[in-house]
Amino acid sequence: MPSDEEITRYHHDPPAGDPWVEGQADAPYRIEVCEYDDAWPAGFASLEAVIRNALGDRVLEIHHVGSTSVPGLPAKPVIDIDLVVADPADEPAYLPDLQAAGFIHRIREPWWHEHRLLRYDDPVSFVHVFGPDCPEVVRHLMFQAWLRDHPDDLTTYAEAKRTAAAEMNARPGGGTGMDYNRHKEPVVQEIYDRMFRANGLLA
């Protein structure tokens, strides 16, 4: 289990960090934030089956995370999945089998918990690959539980998501997913701070 300091640490991308796998850089698009869809959990279940079939016991943990995992929360219609493997840096141990199953490798961030990101197209999903005892997986699961149990913060976050999408879509050509995330990041950090303090991780 990661320490309290590791869980509560705020991460910034390194100034020269380029996470994109060659040819996969994001381009601006119209950001769509939809009302919660009861089909999203079933979409996760189908993807979990594909991943487990591809990797077998190399799947140490798999979780439906992000906004599509929180009933009542509007979201981009993209299912986020946290996949825990023994060593994300050992790409030959898992990446070829996921690619053979239809996943596209888009991001590599060795400076951030050895994060790898893969995309799947039907249903649209992002698979975030991390290692055991990763603080980011803990944060994702804590945030999910917090929003489920705190309707005021769910409403605050929902409004931040709609505002971020509107701001991106006001730009010519729209914005990127990373632009959208940065726009709503201050609200996420405020909720994280309340969550960490309520759980005794910050004084």
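Is Phe130 buried or exposed? I started my notes there, keeping in mind that this is a predicted model. Phe130 comes out at 0% relative accessibility, so I put it down as buried.

**Entry 1: the ring next to Phe130**

I looked for a ring partner and found Trp112. The two ring centres sit 5.6 Å apart with the planes at 85°, so I logged the pair as edge-to-face. Trp112 belongs to the loop between β3 (104-109) and β4 (115-121) while Phe130 is in strand β5, so the pair ties together parts 18 residues apart in sequence. Trp112 has 18% relative accessibility, and since buried means under 20%, it counts as buried.

**Entry 2: Val129**

Next I moved to Val129, which is also in strand β5 (residues 124-130). Val129 has 0% relative accessibility, so I wrote it down as buried. What does Val129 touch, leaving out residues up to four places away in sequence? I got Leu83, Val85, Pro88, Tyr94, Glu114, His115, Arg116 and Leu118. I also checked Leu95: it is 34 residues from Val129 along the chain, and their C-alpha atoms are 9.9 Å apart.

**Entry 3: the sheet**

Then I traced the strands. In what order do the 5 strands of the open sheet run? I read β1-β2-β5-β4-β3, with mixed pairing. β1 and β3 are the edge strands, each pairing on one side only. On average, neighbouring strands are turned by 20° against each other, direction ignored.

I went through some of the pairings:

- β1 and strand β2 (residues 79-84) run antiparallel, joined by 5 bridges; Glu61 has Val84 of β2 as its bridge partner.
- β4 and β5 pair in the antiparallel sense over 6 bridges, and Leu118 finds its bridge partner Val127 in β5.

I stopped at the β3-β4 hairpin, which has 5 residues between its strands; His113 in the turn shows a positive phi of about 55°.

Why call β1 largely enclosed by the rest of the structure? Of the 5 residues in β1 (residues 61-65), 4 are buried, so the description holds.

**Entry 4: helices α4 and α6**

I turned to helix α4 (residues 135-149) and helix α6 (residues 177-198). They pack at an angle of about 90°, and their axes are 11 Å apart. Angles of 65 to 115 degrees count as roughly perpendicular, so that is how I describe α4 and α6. From α4 I listed Arg139, His140, Met142, Phe143 and Trp146 in the contact; α6 brings Val188, Ile191, Tyr192, Arg194, Met195, Phe196 and Ala198. By type, the residues of this contact are 9 nonpolar, 1 polar and 2 charged.

**Entry 5: the other rings**

How many aromatic pairs are there? I count 6. Tyr36 and Trp40 make one of them, edge-to-face, at 5.4 Å centre to centre and 90° between the planes. Tyr36 is partly exposed at 21% relative accessibility, whereas Trp40 is buried with a relative accessible area of 8%.

Which residues do ring pairs link into a cluster? I found Phe143, Tyr157, Tyr192 and Phe196. Phe143, Tyr192 and Phe196 were already in my list for the α4-α6 contact.

Technical notes
Residues are numbered from 1 along each chain as its sequence is written. This is a predicted model: local features need pLDDT of at least 70, side-chain atom pairs count only at pLDDT 80 or more; totals for chains, interfaces and linings use all residues. Side-chain values use heavy atoms; hydrogens and water are left out. Helices (H or I, at least four residues) and strands (E, at least two) are DSSP runs, numbered from the N terminus. Buried means under 20% relative accessible area, exposed over 50%, partly exposed in between (1.4 Å probe, protein chains only). Contact means heavy atoms within 4.5 Å. Two strands pair if DSSP finds at least two bridges between them. Axes are lines fitted to C-alpha atoms, for helices over the stretch in contact, and angles run from 0 to 180 degrees between N-to-C directions. Angles under 35 degrees count as roughly parallel, over 145 as roughly antiparallel, 65 to 115 as roughly perpendicular and the rest as oblique. Ala, Val, Leu, Ile, Met, Phe, Trp, Tyr, Cys and Pro count as nonpolar, Asp, Glu, Lys and Arg as charged, and the others, Gly among them, as polar. Rings of Phe, Tyr and Trp (its six-membered ring) pair if their centres lie within 6.5 Å; planes under 30 degrees apart count as stacked, over 60 as edge-to-face and the rest as tilted.
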